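Thank you all for coming.

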Amino acid sequence: LNDTVEAKKKEIDDLNDKVETKNKEIDTLNVTIEANKKEIDTLNDTVEDKNKEIDYLNDTVEAKNKEIDDLKDKVETKNQVIDDLKETVESKKKEINGFEQTFTELGQILTIKNQIIRDLEKAIFTKNQEIGNLKKTIEAKDQEIGDLNDTVETKNKEIGDLKNTIEDKNKEIDYLNDTVEANNKEIDHLNDTAEDNNKEIGDLKNT
């Protein structure tokens with residue numbers, strides 16, 4: 001009888017050791033879960049920062065597009081000025097041709113005509129240079145927008161990668177929670193077995 005009691009006590013000690021081991025495993029799993037949750041919080045903060053950067057870049061792109069629209073308006077205005085100057089040249093040519101009949105000296109007529117034409121052609125040249133500069137500015141702005149769009153695309157990819165990492169971490173947490181639940185069930189089973197053994201020992205002692 002004593003041997004049976006001792007055997008049951010040893011079995012209970014073994015079960016208690018197993019329960020203690022399971023509890024330690026659960027503590028370790030809970031620490032891992034908390035670490036994953038903190039990492040997910042950090043990743044969510046990073047995603048929020050990336051979204052703010054994208055909003056800023058989108059605002060910058062919008063501003064650049066507005067600058068380009070303004071520059072295009074200026075180019076259109078300059079072209080209109082050039083058209084007006086060309087019309088003025090033609091008008092002056094006609095006017096000079098009419099003056100030729102009243103001027104007595106052909107040299108004076110040619111001098112006046114050539115000076116007017118040179119002045120107008122110089123103005124046209126200046127306007128064309130301004131248009132060229134504006135077009136270069138537009139090209140630079142287009143390049144900036146292209147670079148910004150590339151940056152936005154990169155940020156969106158980074159966010160996608162972060163979201164995938166978060167999803168993996170959530171799956172890992174689900175797996176760890178399932179493991180904890182399984183260990184708790186096993187502990188309950190071990191405790192039930194220990195309780196049955198204690199009951200058997202009591203029955204044996206009463207016999």
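This is a predicted model: local features need pLDDT of at least 70, side-chain atom pairs count only at pLDDT 80 or more; totals for chains, interfaces and linings use all residues.

Let us begin with Lys169, which forms a salt bridge with Glu39, the closest N and O atoms being 3.3 Å apart; a salt bridge here is a side-chain nitrogen of Lys or Arg within 4 Å of a carboxyl oxygen of Asp or Glu. This pair links distant parts of the chain, since Lys169 sits in helix H2 and Glu39 in helix H1, 130 residues apart. Helices are DSSP runs of H or I with at least four residues, numbered from the N terminus.

Residues are numbered from 1 along each chain as its sequence is written, and side-chain values use heavy atoms, with hydrogens and water left out.

Is Lys169 buried or exposed? Lys169 is buried, with a relative accessible area of 18%, whereas Glu39 is partly exposed at 34%; buried means under 20% relative accessible area, exposed over 50%, and partly exposed in between, using a 1.4 Å probe and protein chains only.

The structure holds 17 salt bridges, and another of these joins the side chains of Glu158 and Lys50 at 2.4 Å, N to O. Here too the pair links distant parts of the chain, with Glu158 in helix H2 and Lys50 in helix H1, 108 residues apart. Lys50 is buried at 15% relative accessibility, and Glu158 is partly exposed at 28%. Leaving aside neighbours within four places in sequence, Lys50 is in contact, meaning heavy atoms within 4.5 Å, with Lys155, Glu158, Ile159 and Leu162.

A further salt bridge, between Asp70 and Lys66, spans 3.5 Å, N to O. Because these two are 4 residues apart in helix H1, Asp70 and Lys66 are separated by about one helical turn.

Finally, what does the largest nonpolar core contain? It has 34 residues, and those with the most contacts inside it are Val75 and Ile138. Helix H1 (2–99) and helix H2 (106–206) are the elements that give two or more residues to this core. A nonpolar core is a set of buried Ala, Val, Leu, Ile, Met, Phe, Trp, Tyr and Cys residues joined through side-chain atoms within 4.5 Å. Not counting residues up to four places away in sequence, Val75 touches Ile131, Leu134 and Ile138.
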